[in-house]
Structure formats: structure tokens, C-alpha cells
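Please look at the sequence and the structure first.

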Amino acid sequence: MLLLLVVIVVFLVYGICTRRSLGDDRLSIACLVICNESQPRWKIEKELWRQTRVPKNVDVYILDCNDKNNDLHCVENMAPGIYQKSLQGFKKAVHKRYDLYIRTNANTHVDFDTINKMWDPLKEKIKSSKPFFTGGIVFRWGVSGTSIVLNHSAASELVDRGFDHKYYYAKYPDDVAISNVLKDSGIAITRNDGFKLYVWDPKKDFLINDTMRAVHKSPFVRIRNVSLTDERRIRHHLSNK
């Protein structure tokens, strides 16, 4: 009898581990990427995002007002264009219902493997019906547009209120507008433990940068002020580590 009980326990533990190895406990993720082809480098960065391999629990939305494949109704400019295409992207994603929504830009790499391995209490917060709003860099006024992170409750509130004229046609930066919508909805910013952004420093050695990123377990890496060749190398490394 005791042997039978041990066998049952072993199979239960094996089943749980197997499900987790298959990714059954992973969050469903929508990643909205702000893109623009008005400059040669931006066009290449957009293509690099299209070529990025992502886990099966992730859907990437490339947001470019001038891309006919996007079905976006906006004019490509800093304000209010970026905010408007972001809201339209959020609306499409919220309709499909994800656990986690990320709004980033073309020169920021997102390490989805790190997000998939985050600790369970944080996953429970994200899956909660209580709004969750954070990002890679948090300021008093809100969250940097390089890495805005919302759960479904917060994203739904953003879509419900964000099309109001005072936000949708605002002439100030998109990340400020997004933060204002959520702040006016009574949604406070959560500490960004688990979602910090690392800014790749071109003055530091490649290995030093990569080590610092790994130590901080930063799922977001901002890659700027480097040559396009170096950016390709960095992205390739981060995507295949």
C-alpha cells in the first residue's frame, strides 16, 4: 500500500513538472512594438523585430501607421501618432485577451524567456483582476515608453478611457498620455521588480554589458548609440543565449 502511494506521488510530481516544462504555467503575452520606416535604421530595426523568434505564448504586434498590413488609422508622427497607434494596438490585443501586455519600441530587445521564468507570486499579481501597471523605468509622472507593462485589467481600462479626446489628441509624449489615462483611472504604478530595463552602454565591453544585464535579470535591453553592425550582433546574442 505504501509503495502504491509513493508511486502515485511520483507520478503527480512528474505530471506537474512536465506541464511546467511544456509552458502550461506561462503567461500569455502581447508585445506591441512601435515602429517607423521614415529613417533607414528604423526600417532595419523593424525588420529585425519581424525576424525575432519568440516563444509560443507571445504574439508580437508591429505598430506602424504606414504599414498597410497593420490596418491602423493614424498619421505617423511623435504626437499624437505614437499614442494613437498604441491605443489601437492595445484595443486589438485586449479583444484577444492576454495575461500581460508590453508596449515597447524598435530599438529595445525583450527577453521573453526571462519573463517566462519569473517567480510565481509576481505571475499571480499579473493574473489578478486588480490592475497591474509597471515598466522598465519608473518615474514620478509614469512609466517610460521603452517598456510599459500592463495586465489585462489595466490594459482594458486604458482602452476604455484612452480614446477620450483629451488623451487621444494630446500633443505631449505617448508614455505620458498612457500614464495619465491610468493615473486618472486610479491605477497606481507597481514596483518594477522583475521588469527592469538595462540600457546597453556602448562605452563598456560587450561582456561587461551582458554580465550586468544578466545579473540584474533585466528582460528589457535598450540598444542605442551603437553601430548597426553592433546592434545586429547584440540582438542576435540576446535572442540565442
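A residue is called buried when its relative accessible area is under 20%, exposed when over 50%, and partly exposed in between, using a 1.4 Å probe and protein chains only. The model is a predicted one, in which local features need pLDDT of at least 70 and side-chain atom pairs count only at pLDDT 80 or more, while totals for chains, interfaces and linings use all residues. Residues are numbered from 1 along each chain as its sequence is written, and side-chain values use heavy atoms, with hydrogens and water left out.

Ala 93 is a residue of helix 3, where helices (H or I, at least four residues) and strands (E, at least two) are DSSP runs numbered from the N terminus. Because its relative accessibility is 0%, Ala 93 counts as buried. Leaving aside residues up to four places away in sequence, Ala 93 touches Ala 30, Leu 32, Tyr 61, Tyr 98 and Tyr 101, a contact being heavy atoms within 4.5 Å. Tyr 172 is 79 residues from Ala 93 in sequence, and their C-alpha atoms are 24 Å apart in space.

The interior can be described through nonpolar cores, each a set of buried Ala, Val, Leu, Ile, Met, Phe, Trp, Tyr and Cys residues joined through side-chain atoms within 4.5 Å. The largest core has 31 residues, and those with the most contacts inside it are Tyr 83, Phe 90, Tyr 101, Leu 150 and Leu 158.

For the protein as a whole, the secondary structure comes to ten helices and eight strands. The radius of gyration, taken over C-alpha atoms, is 19 Å, close to the 18 Å that the globule rule gives for 241 residues, so the protein is as compact as a globular protein of that length; the rule is 2.2 Å times the number of residues to the power 0.38. Of the 241 residues, 48% count as buried, and the C-alpha atoms fill a box of roughly 70 × 45 × 35 Å along the principal axes.
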